[in-house]
Amino acid sequence: MSIPDRLRRPATALAAVSVVALALAGCSGSPSTGTADGEPVKITFQSWVPNIDQAVDAFNDSHDDIQVTLETITAGPDGGYATMLSAVQAGNAADVAQVGYDSIPDFLINDGLEDITEYAEGSADLFSPWQWETGVFDGSVYSIPQASGPLGQFYRADIFEELGIEAPTTWDEYYEAAKVVRASDPDRYIAAFAFNQAPWMIGLAQQGGANWFGTEGDAWTVDIDGDETLKVAEYWQKLVDEDLVKVVADMSNEWNADIQNGNILTWISGSWADAIVRGTAPETAGKWAVSLVPQWNAGENVSATWAGGSASVVLRGTDHPAEATEFAVWLNSDPESVSILTSIGAGWPALADTSAIESLQDDPEVFAFYGGQDIWDTFAESDAAVDTSWKWPPLSSTLFASLSDNVSAAVENGTPLVDAYRLTQEDVVAALTERGINVQ
Amino acid sequence: MTALAPPRRRAGSPAKWVLLLPFVVMFALFFIAPIVYAIVQSLFATKSSGLGLGRPETTFVFFDNYARALSDPAFVESVGRLVLFAAIEVPLMVLTALGLALLLDSGKARFPRFFRVLYFAPYGVPGVIATLLWGFLYIPATSPVIQALGAIGIDMNPLSSSGVLFAIANIALWGFAGYNMVILMAALDAIPSELYEAARVDGASTWSTTWHIKLPLVRPSIILVTVFTIIGTLQLFVEPLVLQPLTSAISSTFTPNLAAYNQAFAQGNPNLAAAMAVLVAVLGFVFSFGFLRLVNRKDSRAW
């Protein structure tokens, strides 16, 4: 049934008005709160780190001129970043937000960050140089580093003792231990091969000596399928082919069940994973331990991070960049705050001098889970051995999606993992070029 | 020129506009406006330059995004996969719904009203929750069914690459068969009972009655159910999204909608996502209208 002519014009007008109203509503932003005299400046902070409200409360208690409201959002890679970027485009973003080092270029390419150089100068000395550099682009500062995720090996010390094996210190020992573990029980594996977890695979490549991204002049160099990476890929290919690792997504229901039952014995992950292990398998308290990541050559100490680490950024469009920067710096450098952050599992602090951080020196609750081991010493050793020349390019989300898809497909179809890395190289170069970015 | 001009009618009372207004406003705001916005978005792209760390520019690229989507092998593969899935799912769904409706309408069923509620109940479970529940049932580590079958020697892995489409079809069938069944039962209820009496008088068996009376008279509803199922199947999104972490068989471009979601929210390219979404919509139009064309012969319009 078609609209009769005499109704056509009013109907069209109505639809047009509605569309225009919608467009106008989307454009308006609300004016900011907070005045300069007497009233504290109110800013919002978005994060997904559980229990970070403790640090926010500590800030609010110690500051009269700035008050911070915490907004808990989904984890960045799972949708949190998309929320932040949409809010920036709509003009109503939070003031401070949690963003991983790997995603800072992504935010820059989407014009999501405020340049805070003038407010943050003078804070550079507080932080470890390589972590400070993750937020500096072209001489301008865009983020305050919070913590890195140096890799360590969480393992079931009790079951290892039962089986008569030591925590592996080299990848050869790891292979031998995997065989012993597999033979001990048909359901037991030394570790999961997490095809879904791009940061895990990238961390292993980094630990193998690879460096995927660099800049030459104003172009990026992309080297995802270099020799070091392929060496790592072939090693894990061997483990997968010989059924020595379980092909399952980490932090999934099945993996959680296996961790609880002692069917997966180790997890190479970042320092913040301590909170996850304690939360997933509380009944296994006292049975775990942490060691350094196995090395390619005996006696070396080469480590890597899980997607770099976390930072606090000031989102574009904020009305209070100075106050937002002040909060970000305090959150990530004040000893009391950093102590809270470490004990809630935020990661390894970016502070240059960690001697004043209480929870790093002694954290009985955490250490008890690991049979009394001071796991932070191990992570300190790991952090010192991280290759700090690693750079993150824009479109890291494309990198993660492509790597995860290609590795999943390789595992699914039985094609070599090395090809998955070659495909990822092609995908990432194509994606960068498509966006107009120079690639060598 | 006319001697007696007909009196000019009042141009419609305002009452009908007041009644229509809420619908028209909502329709325009939440249906037309987003579609227009998506089509406009799909004609642009954001480009950076150099190292890509500065402000990007939005440029008009006309149909470039569409060309990219159509030349992306992963996207084309996902469309092919979807068509294959529809070929399995649509007949399965329609036959199941029809079968259940005919059984409950046959008059020989015990407690038909109870079973009608029972079969409809899964529709009340939201898609994400349903997929999470079925996810637990599909993983050997957490599924009593698979473990029991394993104990008697039957090894089942619904989430392997050969089984995952059937696993998803199963979830969709479980959720929507009851809904479609209720539509068909309403149509069956509307058949006048004199026809059945006449058929009995003529000596028709139950099967003849079904084939010659019931099915032709509910044909419009069967077509409706088929079109709904085609459209719903072509939008497949929730099940692969929720099952993705559980299996390596589902990539982030498993279905076109999933690929669009990935482009928009994971890869920060809403323009390409909009182009993909428009392509999915066009595909839906083509299939539904194609199907309607097929079943509407000129001489017997069923729709």
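Biologist: How many helices and strands make up the secondary structure of chain A?

Modeller: In this predicted model, the secondary structure of chain A comes to 19 helices and 14 strands.

Biologist: What makes chain A as compact as a globular protein of that length?

Modeller: We set two values side by side. The globule rule gives 22 Å for 440 residues, and the radius of gyration of chain A is 24 Å, which is close to that, so chain A is as compact as a globular protein of that length. Along the principal axes, the C-alpha atoms of chain A fill a box of roughly 85 × 60 × 45 Å.

Biologist: What share of the residues of chain A count as buried, and why are they called that?

Modeller: Of the 440 residues, 49% count as buried. They are called buried because 20 or more other C-beta atoms lie within 10 Å of their own. As for contacts in chain A with a separation of 6 or more, 76% join residues 24 or more positions apart.

Biologist: Which domains does the assignment give for chain A?

Modeller: Domain 1 covers 41-148 + 307-365, and domain 2 covers 151-305 + 373-434. Their C-alpha centres lie 27 Å apart.

Biologist: How do you know that domain 1 and domain 2 of chain A are in contact?

Modeller: A contact needs C-beta atoms within 7 Å, and the contact here takes 19 residues from domain 1 and 18 residues from domain 2 of chain A. On the domain 1 side, helix H4 (104-109) and strand E13 (305-314) of chain A are the elements that give two or more residues. H4(A) gives the most, with 5 residues. By class, that side of domain 1 has 11 nonpolar, 6 polar and 2 charged residues.

Biologist: How many residues of chain B are in contact with chain A?

Modeller: By the 7 Å cut-off, 33 residues of chain B are in contact with 42 residues of chain A. The elements of chain B that give two or more residues to its side are helix H1 (14-41) and helix H12 (256-266). The largest share, 7 residues, comes from H1(B). The residues on this side of chain B divide into 19 nonpolar, 12 polar and 2 charged.

Biologist: What confidence does the predictor give chain B and the complex?

Modeller: Chain B averages a pLDDT of 88, on a scale from 0 to 100, and 94% of the residues score at least 70. The complex gets an ipTM of 0.72 and a pTM of 0.80 from the predictor.

Methods. Residues are numbered from 1 along each chain as its sequence is written. Chains are lettered from A and ligands numbered from 1 in the order in which they are written. This is a predicted model: local features need pLDDT of at least 70, side-chain atom pairs count only at pLDDT 80 or more; totals for chains, interfaces and linings use all residues. Two residues are in contact if their C-beta atoms, placed from the backbone, lie within 7 Å. Helices (H or I, at least four residues) and strands (E, at least two) are DSSP runs, numbered from the N terminus. Ala, Val, Leu, Ile, Met, Phe, Trp, Tyr, Cys and Pro count as nonpolar, Asp, Glu, Lys and Arg as charged, and the others, Gly among them, as polar. The radius of gyration is taken over C-alpha atoms; the globule rule is 2.2 Å times the number of residues to the power 0.38. A residue is buried if 20 or more other C-beta atoms lie within 10 Å of its own, exposed if 12 or fewer, and partly exposed in between; C-beta atoms are placed from the backbone. Domain bounds come from an automatic or database domain assignment.
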